[in-house]
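Dear colleague,

I am passing on the structure below, and after it you will find some notes on what turned up. Please keep the structure open beside the notes while you read.

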Amino acid sequence: MDRLRYYLGACLILIFTHSASAAVIDALSQAGFTCLAATDSSGTPFGGTMCTHEAMSTSAFTLDEAVAVYVPSTTSAVVRHIVLYLQGFRGVCGDTGTTPADVMNVFDLAEQMQAESLPDSVLVFPMSGGHDTTYYHDFAASAGPFDMNWIETVIGQGQWSLAGHSGAGDVIAKSLNLNPSIITKFDAIELLDAAYIHHVAGRFRAGPEVALWRTIAERNPSLTLSCIGNGTYHGCQILAEQIGFTTVTLTETEVIHCDIPNTYFGPWLHRTGPGRVE
């Protein structure tokens, strides 16, 4: 009898979890997303659902590249935590494929979400501009390649967290300054070897980048900043010493640039979200 109760309880948990996740997936499907079981690069399912929306244009915003929303299998019916992930240059780390799922698999992003995120979280992943370009001309020049309000009308409002790798750090600073009303939506930012706020190859200089980050800190001083750096650790130090965030976590690493998301995104997720402490 005890064993029967155990199996009945397990079945009820599975049914409830599936129904809860299904509500979010159904909402995404009705909004024009194509939803399939999430698989790794070999085609093996690892849990959760990958929903993808192709490029589109509306009166409110333009989506020049596809955007994906990954829904972990443990996500509840009410989404409370929305993680926005921006990948920088798609070609820096070799052939990352042509779809959001391809890029996410290179860095194990969805698998880390499945393992480490809160059970009421989703991962939003808009594609960057191309092999050797980032979001600059779209995300940092307007409201972005998608509208955050649009995402919330589909899956509901939640606390946003933001992570970015490589060239996405520059875009985060510029886009948040161009859209200051969204700065307070975020509770945490993780820069994965993305603190290019000092002079690097003639592309970034400390002065204007520091000013952009200082504005972000002034508007949302309670925002928790986590900065992991290999070649960009000096930029992390500048953020900690000169910007004014209340909480900054610095990590200097010898992990190579292209492996940093695979190594550090999951542990950050484990510490991030409503009710969790960095």
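A residue is called buried when its relative accessible area is under 20%, and partly exposed when the value lies between that cut-off and 50%. Please bear in mind that this is a predicted model.

With the cut-off in mind, Asp120 counts as buried because its relative accessibility is 5%. Asp120 forms a salt bridge with Arg80, and the closest N and O atoms of the two are 2.3 Å apart. Since Asp120 sits in the loop between α3 and β7, while Arg80 sits in the loop between β5 and β6, the pair ties together parts that are 40 residues apart in sequence. Arg80, at 39% relative accessibility, counts as partly exposed.

The salt bridges come to three in total. Another one joins Lys185 to Glu152, with 3.2 Å between the closest N and O atoms. This pair also links distant parts of the chain, as Lys185 lies in the loop between α5 and β9 and Glu152 lies in helix α4, 33 residues apart. Glu152 is buried at 8%, whereas Lys185 is partly exposed at 23%.

In helix α5, by contrast, Asp170 and Lys174 are four residues apart, about one turn of the helix, and their side chains meet in a salt bridge at 3.2 Å, N to O. Asp170 is buried at 9% relative accessibility, and Lys174 is partly exposed at 25%.

Finally, helix α4 is largely enclosed by the rest of the structure, because six of its eight residues are buried, among them Trp150 and Glu152. Just after α4, Gly156 takes a positive phi of about 100 degrees.

With best wishes

Conventions:
Residues are numbered from 1 along each chain as its sequence is written. This is a predicted model: local features need pLDDT of at least 70, side-chain atom pairs count only at pLDDT 80 or more; totals for chains, interfaces and linings use all residues. Side-chain values use heavy atoms; hydrogens and water are left out. Buried means under 20% relative accessible area, exposed over 50%, partly exposed in between (1.4 Å probe, protein chains only). Helices (H or I, at least four residues) and strands (E, at least two) are DSSP runs, numbered from the N terminus. A salt bridge is a side-chain nitrogen of Lys or Arg within 4 Å of a carboxyl oxygen of Asp or Glu.
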